[in-house]
Amino acid sequence: MAGAQERLKSGVYMETGVRPTAAFGAVATSSSARSFLMSCRNLGAMAVLALGLALGGLIGGLAAAGGAWAADNQAGGSGEPIVIRFSHVVDESTPKGIGAQLFKERAEARLPGRVKVEVYPRAQRYTDEEVLVAMALGDVEMAAPSFTQFRSFTRAMQIFELPFMFDSVDHVHRFQNSDIGRQLLDFMLPQGIQGLAYWDNGMRVISANKPLVVPDDAAGLLFRTEPSAIFQEQYNRIDVATLPLPFRDVPDAIRTGLVDGQENSWSNIYSRGIHKLNRSFTELDHSFLGYMVVTNAAFWSGLPEDVRTTLESVLKDVTTEVNALAQRQAQTDRDKALGEASITIVTPTPEQLDAWRNAFTPVWQDFEGQIGQEIMDAAVAARH
Ligand code: SIN
């Protein structure tokens, strides 16, 4: 089998998908990008997701348009600061929300008058399902979507979704710092997306209104999940139906009974009040919610070199702080959730965990062809 680098170059990990159409080509300007995506939003979240999948193949073509736009946006010519719009979907109090704000403060302090960072939290600007398309269209310069959002650009990123692949945050970090983990940051370059860093949130907890101790307890329920073919398959295996919805819609979906339960990290659960909507939380820790901080590659490479290297240095420091904070917050937000609402937290015994593991892990086989054996092996090897 060819090495990861060769396959990266040959595009084997990319979703080549649908070719650009004339209609899509007409929207590659910042001003029209937002209204274009907003009209897609009116068609519903799934339409936007489908559009994202279609644009997986288009984005590389738009990188050239992004280059021209990047040149326009640079300081120097007009003397105006370079504007970096950083869009994300979570609360300002979560690790990602705090990280985006820290990045803004530090970048503006280190590059006074040269860089202005505008942070758009809580999907004010775009949902995660929309943001990579918006980035390709030149309406956002930075984002940090959950790993699940990259599937349409590279199937390799699904490694982070495999249930029980990563047994701890340290394991995730060892893989991210391996050769292959670092190469993954460049896997979407052909589509104009540059990965800059990995940010953590935490291990996923599942919730419903009844205790989910073993897989059979969940049979027949409907869960909101992120848009992941792996999550869908893993839950199908235990007779749980899944509904992918944007993160901002999760509390309402539970409140109105549209879904019975969900899975997320403690900081997302606490910050959106999910601990007040579901009664029982099982610390399954079957997968890790993390992010790739990404930018439009043409924009980034078009920055003046001193600006780019300063931003990279700021991001490196912020990443260390976000990841340390995420570990602490996973514990403190769990404790706060327990203190504020009458919830039960189920900690499965080793035998009960085995039952979940045995139910979920057969999906590895279904997806190893898409992810690539070399990446699977590297993730397993990072375990110790
Ligand atoms: C996020 O943490 O960015 C969102 C995760 C989710 O959609 O559940």
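**Helix packing and sheets**

Modeller: This is a predicted model. In it, α6 and helix α14 cross in the right-handed sense.

Biologist: Which residues make the contact between α6 and α14?

Modeller: On the α6 side they include Pro95, Ile98, Leu102 and Phe103. On the α14 side, Leu311, Val314, Leu315 and Val318 are among them.

Biologist: At what angle do the axes of α6 and α14 cross?

Modeller: Roughly 150°, and the axes come within 9 Å. The helices span residues 95-110 for α6 and 305-340 for α14. An angle over 145 degrees counts as roughly antiparallel, so α6 is roughly antiparallel to α14.

Biologist: What does α6 form with β1 and β2?

Modeller: A right-handed β-α-β unit: β1, then α6, then β2.

Biologist: In which sense do β1 and β2 pair?

Modeller: In the parallel sense, over 6 bridges. β1 covers residues 82-87 and β2 covers residues 115-120.

Biologist: How many residues of β1 are buried?

Modeller: 5 of its 6, so the strand is mostly covered, given that a residue is buried if 20 or more other C-beta atoms lie within 10 Å of its own.

Biologist: How many bridges join β1 to β3?

Modeller: There are 2, and β1 and β3 run parallel. β3 is residues 142-143. Met142 in β3 stands opposite Phe86.

Biologist: What is the strand order in that open sheet of 5 strands?

Modeller: The order is β2-β1-β3-β10-β4, and the pairing is mixed. β2 and β4 are the edge strands, each pairing on one side only. α6 packs on this sheet and touches β1, β2, β4 and β10. The direction of α6 makes about 165° with that of β2.

Biologist: Changing topic. Is Arg182 buried or exposed?

Modeller: Arg182 is exposed: 12 other C-beta atoms lie within 10 Å, and the cut-off for exposed is 12 or fewer. Arg182 is in helix α9, residues 179-183.

Biologist: How far is the C-alpha atom of Arg182 from that of Ala197?

Modeller: The separation is 9.0 Å, for two residues 15 apart along the chain.

Biologist: Now the open sheet of 6 strands. What order do they have?

Modeller: That order is β7-β6-β8-β5-β9-β11, with mixed pairing. β7 and β11 stand at the edges with a single partner strand each, so one side of each has no neighbour in the sheet. The twist from one strand to the next averages 25°.

Biologist: Which helix packs on that sheet?

Modeller: Helix α10, residues 229-236, which touches β6 and β7. The direction of α10 makes about 160° with that of β6.

Biologist: And how do β5 and β9 pair, parallel or antiparallel?

Modeller: Antiparallel, over 3 bridges. β5 is residues 205-208 and β9 is residues 280-282. Ser207 has Phe281 of β9 as its bridge partner.

Key: Residues numbered from 1 in each chain as written. Predicted model: local features only at pLDDT ≥ 70, side-chain atom pairs only at ≥ 80, totals over all residues. Helix = DSSP H or I, 4+ residues; strand = E, 2+ residues; numbered from the N terminus. Pairing = 2+ DSSP bridges. Right-handed = clockwise from strand over helix to strand, strands pointing away. Contact = placed C-beta atoms within 7 Å. Axes fitted to C-alpha atoms, helices over the stretch in contact; angles between N-to-C directions. Parallel < 35°, antiparallel > 145°, perpendicular 65-115°, else oblique. Left-handed = near helix turned anticlockwise from the far one by under 90°.
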